[in-house]
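Me: I would like to learn how to read the features of a model like this one, taking each idea in general before turning to the case at hand. Could we start once the model is in view?

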Amino acid sequence: QTRVLTGITTTGTPHLGNYVGAIRPAVEASRRDDVDAFYFMADYHALIKSDDAARIERSRLEIAATWLAAGLDPARVTFYRQSDIPEIPELTWFLTCVASKGMLNRAHAYKAAVDRNLETGEDADAGITAGLYMYPVLMAADILAFDAHKVPVGRDQIQHIEMARDLGQRFNHIHGREFFVLPEALIEEQVATLPGLDGRKMSKSYDNTIPLFEGGKKQLRETILRIVTDSRLPGEAKDPDSSPLFTIFRAFASEIETAAFRQALLDGIAWGEAKQVLYERIESDVAPMRERYEAFMADPAAIEAILRQGARKARAIATPKIAALRDALGLRPAT
Ligand code: TYM
């Protein structure tokens, strides 16, 4: 069996990028009999970006409800909250002690924060926490604690998966045994990076997201109307390949529908009309999920029970794994 594992940081409401980049492929994978799936809410990662407790709690509920609405079956999938697994921070420390500082210096998120500081004339590390710096090690612990083979993610996470491999390999090498499976990223090429309203990667940090459920279908439609377009008039041919609208459409449509939409753009459909087509395409996927989402949101106790059950299943694997590592590291209590 292939173990497939992925997580989402609990800092905001799920958006179309999370859905097509991670949730949809992960739920599909979990239906296969040869897959053993582990999906979780990365709430320790959320602490790196947010100190707003209410927002983190709300986001956890929304993300959990989204997974369930998207078809995750908690009887098949080990579905849990990162902060319910104390073995993860424990493993984070073991990995920290083999992580090279130079590797962490090269992490994209840290480097971007440094670059922003330098551009504004600040000290390189001004305002950067050690938490942000250690982000990739915590993520490696998420993955290595469960010996995941495949990690379905969007393209923005590839470097983190490579670092998890690197850390696993280093640990195996130093301690002379195959303690960890080395994970691989699983990327859907078509939707590896879903663009947002402004054409850049759809991301909470760019404030350019299209929420999956928040605000209902009215907000979905209004947000889609805000996708940037060029100034070509109705009747003028539009270039599908430079339009975020087309890229988003393609992530939700069959090949035949995509070809028809491409032709409509080339034939000069008005942007307003094209947005309506996009809205209808997305809404027909989202509508049935939204109903289930709302039912789960109305029953947080049910979600809590599912996550607690998931944590038990996850710990049944992580606890002996970490115990073996403790022994190997010389932390065994004297008997
Ligand atoms: P996060 O919460 O930023 O995003 C969750 C998932 O959504 C994908 N994604 C996208 N995919 C395509 N296009 C986009 N515009 C887009 N925006 C987001 C992300 O690639 C990701 O797969 N560090 C991770 C969470 C994490 C994790 C893990 C993931 C913690 N531990 C272990 C996998 C394995 C993160 O912040 O993702």
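Predicted model: local features only at pLDDT ≥ 70, side-chain atom pairs only at ≥ 80, totals over all residues.

Me: What should I look at in the phi of D147?

Reply: Most residues other than glycine have a negative phi. D147, although it is not a glycine, has a positive phi of about 50°, and D207, again not a glycine, has a positive phi of about 55°. D207 is found in the loop between strand 5 (184-186) and helix 9 (216-225).

Me: How is exposure read, and is D207 buried or exposed?

Reply: A residue is buried if 20 or more other C-beta atoms lie within 10 Å of its own, exposed if 12 or fewer, and partly exposed in between, with C-beta atoms placed from the backbone. D207 counts as exposed because it has 9 C-beta neighbours inside 10 Å, whereas D147 counts as partly exposed because it has 18.

Me: Where is A140 placed, and which residues does A140 touch?

Reply: Two residues are in contact if their C-beta atoms, placed from the backbone, lie within 7 Å. A140 sits in helix 7 (residues 130-144) and is buried, because 26 other C-beta atoms lie within 10 Å. Not counting residues up to four places away in sequence, A140 touches L95, M163, A164 and L167. The C-alpha atoms of A140 and M202, by contrast, are separated by 24 Å, the two residues being 62 residues apart along the chain.

Me: Which residues have the most contacts inside the largest nonpolar core?

Reply: A nonpolar core is a set of buried Ala, Val, Leu, Ile, Met, Phe, Trp, Tyr and Cys residues joined through C-beta atoms within 7 Å. The largest one here has 90 residues, and those with the most contacts inside it are Y39, W67, L95, A140, A141 and I143. Helix 7 contributes the largest share of this core, eight residues. Domain 1 (2-194 + 300-329) and domain 2 (213-294) both give residues to this core, so it lies between them; such bounds come from an automatic or database domain assignment. I143 touches L5, A148, V151, A164 and P183, again leaving out residues up to four places away in sequence.

Me: How many residues does the contact take from domain 1 and from domain 2?

Reply: The contact takes 11 residues from domain 1 and eight residues from domain 2. Helix 1 and helix 3 (53-69) each supply at least two residues of the side of domain 1 that touches domain 2, and the largest share of that side, four residues, comes from helix 3. By class, this side of domain 1 has eight nonpolar, three polar and no charged residues, where Ala, Val, Leu, Ile, Met, Phe, Trp, Tyr, Cys and Pro count as nonpolar, Asp, Glu, Lys and Arg as charged, and the others, Gly among them, as polar.

Me: Which residues come nearest to the ligand?

Reply: A residue is near a molecule or strand if its C-beta atom, placed from the backbone, lies within 6 Å of it. Of the 26 residues around the ligand, T9, G17, G21, V153 and G154 come nearest. The elements that give two or more residues to this shell are strand 1 (2-9), helix 1 (16-30) and helix 7, with the largest share, five residues, coming from strand 1. The shell divides into 11 nonpolar, 12 polar and three charged residues.

Me: What does the UniProt annotation that covers D142 say?

Reply: UniProt positions are given in the numbering used here, feature names are shortened, and annotations may be inferred rather than shown by experiment. The unreviewed UniProt entry annotates D142 as "binding site". D142 is found in helix 7 and is buried, because 26 other C-beta atoms lie within 10 Å. Leaving aside its neighbours within four places in sequence, D142 is in contact with G7, Q82 and I88.

Definitions and conventions
Residues numbered from 1 in each chain as written.
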